[in-house]
Amino acid sequence: MNPQLEGTVLSANIYHNRKAQWITYIAVFSFLAAVPLFFDSPFLLNQLARYTALAMLALSVSLIWGYAGILSLGQGIAFGLAAYGMGMTMQMQFQDPITDPIPSFMLTNELEHLPTLWVPFQSTGLGLLLTLAVPTLFFIFFGIMMFQARVAGVFVAIMTLAMLAAWYSMAYDMQPYTAGFNGISPPLPFELLGVSVDPYSAPAYWICIAVLTALTLAAKLVMQSKFGLVVQATRDDPERARFLGYNVAYYQVVIFMLSGFIAACGGLCWVMVVQYVSPTSLELSLSVSAVVWAAVGGRTSLIGAIMGAYLINSIQSYLGDDFQQIWTIVLGGIFIAVVILLPRGLAGLVEGALERLQSKNADMNAADRVQEIA
């Protein structure tokens, strides 16, 4: 094959591959958005809304692990901090600033005044802003601390794991401020612009789907941009990227921040549909489970990681009663099997088949065009 034909075939393959990916993304999210039109079960809609919030956590793992090559076991930090922020916002929507300004669990712990930490959450707008801003800013500072020191590989996993454990301990031990192990249970649904969002309704589900769709499409655009290509280059060979003049730490910090923001959005939506937050949102098991979801679906595929979250959580919901005592072992077995047999996850199977089909069609089309030119 001559160089002109090779270049034509390569360009055609890239074009058709990206086109197929965008068609797949649009089809999947259209299907998810249409679910309430065919199923009106409040329980099912709430369950799917929960899976959608967890899918955002898997999306954040795919971004930082699959595309940046950084195995973070601390994505639950952003998820948990945002969950607490949303829980505090919803709780303060219920409290009357004059007659009932303090949550009941604080009175039980002998607090006489609303802690300063809680005061900003009396405003819903400011509370939502802090819910997303605090985890994102923490990921920026934590990322700078790690990546400026060129921490890499398993050491990133260890540091994020240690930080996750620290946040869990704080949430568990600061009972007067976080309600400890009992957690915060806002008695009323979240109120947005004067409208109560019933967690078992279609609007609540659509809000979660809209957030997931926006985050996924934005992440896809970022990864197809020059920035995304450099991030993937730092994953494949960071030393060569440095040699070419790129500030590897900068790209790692930014992608770490973006993954934290996505996980924080998941924590916000999670509390909106569950109406409860406790230290379990900061447990190691949740962060590790998110890694498994991404691996099963395909960590280098954003839509694959999302589908992995839906699939594994569905299996856990419907088979969890039978395997409740050994579910962690079952989950670990699934992870090992996927790593050994399907290193690219379930998405890799589909992508491989599509790539072969598209390559064959592109070769035929390119050959026809070259013959016409000749």
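Modeller: Start with R299 and W65. R299 lies over the face of W65, and the distance to the ring centre is 4.6 Å. Keep in mind that this is a predicted model. The pLDDT of the protein chain averages 86, and 88% of the residues score at least 70. Residues 1-15 fall below 50 in pLDDT. That stretch has 15 contacts in the model beyond near neighbours in sequence.

The protein chain holds 15 helices and 2 strands. Of its 374 residues, 47% are buried. Take the contacts with a separation of 6 or more: 80% of them join residues 24 or more positions apart. The accessible surface is about 18,400 Å², and carbon and sulfur atoms hold 67% of it.

Next, ring against ring. A pair of aromatic rings is described by the distance of the centres and the angle of the planes. The whole structure has 15 aromatic pairs. One of them joins F139 and F256. This pair is stacked, with 4.6 Å centre to centre and 25° between the planes. F139 sits in helix α5, residues 124-147, and F256 sits in helix α11, so the pair ties together parts that are 117 residues apart in sequence.

Y172 is partly exposed, at 39% relative accessibility. F181 is exposed, at 52%.

Go back to F139 and F256 for a moment. Both belong to a cluster linked by ring pairs.

Leaving aside neighbours within four places in sequence, S278 is in contact with Y84, F181 and G183. S278 lies in the loop between α11 (248-274) and α12 (284-297). The relative accessibility of S278 is 2%, so this serine counts as buried. Its side chain makes a polar contact of 2.7 Å with the side chain of T280.

Stay in that loop for Q275. Q275 also lies between α11 and α12. Its phi is near 60°, a positive value in a residue other than glycine. Why point that out? Most residues other than glycine have a negative phi. Q275 has a relative accessible area of 19%, so it counts as buried, which means under 20%.

L193 has a positive phi as well, near 55°. Its place is the loop between β1 (190-192) and β2 (195-197). L193 is exposed, because its relative accessible area is 81% and exposed means over 50%.

One more loop residue is S225. S225 lies between α8 (202-224) and α9 (226-236). A polar atom of the S225 side chain is 2.5 Å from the backbone oxygen of V222. At 27% relative accessibility, S225 is partly exposed.

Note on methods:
Residues numbered from 1 in each chain as written. Heavy atoms only, no water. pLDDT = per-residue confidence, 0-100. Contact = heavy atoms within 4.5 Å. Helix = DSSP H or I, 4+ residues; strand = E, 2+ residues; numbered from the N terminus. Buried < 20%, exposed > 50% of the residue type's maximum accessible area, 1.4 Å probe, protein only. Areas by Shrake-Rupley, 256 points an atom, 1.4 Å probe, with all protein chains shown as cover. Polar contact = N/O pair within 3.5 Å; in protein donor to acceptor, adjacent residues only side chain to side chain. Phe/Tyr/Trp six-rings, centres within 6.5 Å; stacked < 30°, edge-to-face > 60°. Lys NZ or Arg CZ within 6 Å of the ring centre and 35° of its normal.
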